[in-house]
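Here is a short tour to read alongside the structure. Take it one topic at a time, and look for each part as you go.

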Amino acid sequence: MQSVAVPSVGDVKKIIEDFWAADPRNRLYPGGDEKAWAEPHVGVAAADDPFFSRFKEMIGPFFWTPEEAFALAFPDDPASSSELRVISYVLPQTPATRAEQRQEKQMPAERWARSRFYGEQFNCELRLHLAAALTAMGHPSVAPERLPGFDYRHSERFGIASNWSERHAAFVAGLGTFGLSDGLITPWGKAVRFGSVVSRIALPVSARSYGDDHHAWCLWYAKGVCGACALRCPVGAISTAAGHDKVACRRYIREVTAPWATKRYGTGATPCGLCQVRIPCEAQVPAALRPISLS
Ligand code: SF4
Ligand code: SF4
């Protein structure tokens with residue numbers, strides 16, 4: 001049997017970067033020049049990292065491990081978790097989008113609404129492109145969020161929850177830790193979106209500079225100060241006492257910001273993200289919690 005050359009993490013990153021640079025759907029305004037996202041960043045997690053089975057225990061039996069997501073895509077050729085990697089990437093909001101969003105207090109800015117709609121459409125294509133490119137190179141790959149079974153369910157402990165979480169994958173891949181608002185704080189801030197692909201590929205795994213501390217880069221959890229994201233939420237859906245109220249957040253987005261953005265910008269989707277800007281972790285790990293190191 002002919003052996004398959006293993007791409008390096010740099011090769012994988014280049015697949016993502018090239019698509020980010022060249023694909024015309026990476027736009028805030030279709031047909032325009034302005035990119036939806038700033039330059040992407042990549043991390044790699046081991047699919048047999050104990051965190052993935054721990055998430056399943058905590059969130060519920062419906063939550064997919066990487067191995068289960070892979071088996072759904074390749075039922076005739078399943079892989080053990082030790083053979084798989086989760087490639088996670090970060091797409092940061094652009095400085096122009098963040099600046100515009102910082103001015104808003106009730107409704108998402110136009111660029112933000114557009115990134116949530118057109119930018120996420122591009123992100124869906126990027127997930128599929130990365131999975132297809134790696135598969136074509138001899139490394140079967142799937143984007144769990146793009147599987148037909150991707151869905152939201154009820155978690156006894158956490159309420160509404162999806163059966164795959166891009167943020168949790170990014171945490172395991174060393175890309176960030178959770179903040180008071182539930183968003184993931186990355187070295188490029190919290191004003192970001194994520195994507196991931198599960199691949200049968202022997203890539204080296206990224207180190208987690210924060211170890212297992214899932215709150216290491218949030219000032220509230222690390223030092224008992226801040227709470228700026230709570231002050232940014234127009235409906236009080238974040239508090240230092242109780243963290244993120246998913247029900248109140250979802251209600252505001254579904255009933256207020258989404259219909260408003262659809263009418264105003266014709267964008268659709270579910271934009272808000274007011275709590276992701278004008279805060280110490282908007283575009284970086286808060287200064288008081290640095291230095292950080294990335295492998
Ligand atoms: S704004 Fe402050 S409290 Fe909120 S997630 Fe960022 S560091 Fe944590
Ligand atoms: S996304 Fe949710 S928590 Fe954040 S500001 Fe909007 S409603 Fe509040």
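**A quick briefing**

Helix α5 covers residues 110-136, and Ala-133 is part of that helix. Keep in mind that this is a predicted model.

**Ala-133**

- Strands of a sheet pair through backbone hydrogen bonds, in a parallel or an antiparallel way.
- Here, four strands form an open sheet in the order β1-β2-β8-β3, and the pairing is antiparallel.
- At the edges sit β1 (41-46) and β3 (141-142), each of which pairs on one side only.
- Nine bridges join β2 (residues 84-92) to β8 (residues 192-200) in the antiparallel sense.
- Opposite Pro-92 you will find Val-192 in β8.

**Helices on the sheet**
- Helix α1 (residues 9-22) packs on the sheet and touches β1 and β2, with its direction at about 130° to that of β1.
- Helix α3 (residues 66-73) lies across β2, β3 and β8, and runs at about 95° to β2.

**Around ligand 1**
- Ligand 1 is surrounded by 14 residues, and the closest are Gly-179, Cys-218, Cys-226, Cys-229 and Cys-281.
- Two elements, α7 (219-223) and α8 (228-232), each give two or more residues to this shell.
- Sorted by class, the shell has eleven nonpolar residues, three polar ones and no charged ones.

Terms used: Residues are numbered from 1 along each chain as its sequence is written. Chains are lettered from A and ligands numbered from 1 in the order in which they are written. This is a predicted model: local features need pLDDT of at least 70, side-chain atom pairs count only at pLDDT 80 or more; totals for chains, interfaces and linings use all residues. A residue is near a molecule or strand if its C-beta atom, placed from the backbone, lies within 6 Å of it. Ala, Val, Leu, Ile, Met, Phe, Trp, Tyr, Cys and Pro count as nonpolar, Asp, Glu, Lys and Arg as charged, and the others, Gly among them, as polar. Two strands pair if DSSP finds at least two bridges between them. Two residues are in contact if their C-beta atoms, placed from the backbone, lie within 7 Å. Axes are lines fitted to C-alpha atoms, for helices over the stretch in contact, and angles run from 0 to 180 degrees between N-to-C directions.
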